[in-house]
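Dear colleague,

My notes on what was found come after it, and I would be glad if you read them with the model open.

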Amino acid sequence: MITVQNVSKRYGKYTANDDICLSVKQGELAVLLGPNGAGKSTLIKSICGLLRFSGIITVGGYDNRAVEAKRLLGYVPEIPVLYPMLTVSEHLEFIAKAYRLKDWQPLADDLLNRFEMTDKAAKLGKELSKGMQQKVNVCCALLPRPQAVILDEPLVGLDPHGIREIKALISDLKKNGCALLISTHIIESIEDNWDTTYIMKNGKVAAVCRRGEMPKGLSLEDVYFKITEGPQPAARNP
């Protein structure tokens, strides 16, 4: 559903992404892990068509910058972006009109209810906390029923209920055949559902981990720190 082939992104002499290849199938949860500055957000913005890059990115077989690809893709950025003078309900109505959705109100109501935002429907974007803005971003991304969803640090700023609902939504989307690509620093948040993890370091994919191929006795966290920090010194006896 999402295919990235030999993608590079440079800012002057600085290379943020260096010849990256990855893919996410329908019903697959792929994860981007890496320290700050590894290039995760740059790659996500490139996939979503927000940055120019060299290489090829397709969504559902369409060039990622094509209208057809954008209709298939939902995106939840790390930093929530809302119109300050639109209410929560008006944000959802705007998305519905932009995508020419029909019979969208029941799904909008369900999403707001899941995130305990029903009583905030008349509040302006500028009146919401960062966590509430993030919830609205998630609702807007899912309203068109996308076949692929990208989430950049989706749990940052959320309360415990919001975190629980995001995890439940991710599980539901995966079961329904949605392709999911998640960038996160919180490894334990995806431990139960991940299928493929791309560990990034210095703008490159340093390792690809597949759940069924993990070395015996090693967790995803173990592999991550081995790749990003190198072998740890043995503990000394007192």
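Helices (H or I, at least four residues) and strands (E, at least two) are taken here as DSSP runs, numbered from the N terminus. This is a predicted model, in which local features need pLDDT of at least 70 and side-chain atom pairs count only at pLDDT 80 or more, while totals for chains, interfaces and linings use all residues. Residues are numbered from 1 along each chain as its sequence is written, and side-chain values use heavy atoms, with hydrogens and water left out.

Two residues deserve a look at their backbone. Most residues other than glycine have a negative phi. Asp-19 counts as partly exposed because its relative accessibility is 44%, where buried means under 20% relative accessible area, exposed over 50% and partly exposed in between, with a 1.4 Å probe and protein chains only. Glu-153, in the loop between β7 (148-152) and α6, likewise has a positive phi, near 50°, but at 4% relative accessibility Glu-153 counts as buried.

Ile-57 belongs to strand β4 (residues 54-59) and is buried, at 1% relative accessibility. Not counting residues up to four places away in sequence, Ile-57 touches Thr-3, Val-4, Val-7, Ser-46, Ile-47, Tyr-62, Asp-63 and Asn-64, contact meaning heavy atoms within 4.5 Å. From Ile-57 to Glu-153 there are 96 residues in sequence and 21 Å in space, C-alpha to C-alpha.

Lys-120 sits in the loop between α4 (105-114) and α5 (130-142), and with 17% relative accessibility Lys-120 also counts as buried. Leaving aside its neighbours within four places in sequence, Lys-120 is in contact with Val-88 and Met-132.

Finally, the axes of α5 and helix α6 (residues 160-175) come within 12 Å and cross at roughly 15°, the axes being lines fitted to C-alpha atoms over the stretch in contact, with angles from 0 to 180 degrees between N-to-C directions. That makes α5 roughly parallel to α6, a term for angles under 35 degrees. The contact is made by Lys-135, Val-138 and Leu-142 of α5 together with Gly-162, Ile-166, Leu-169 and Leu-173 of α6.

Conventions: Angles under 35 degrees count as roughly parallel, over 145 as roughly antiparallel, 65 to 115 as roughly perpendicular and the rest as oblique.
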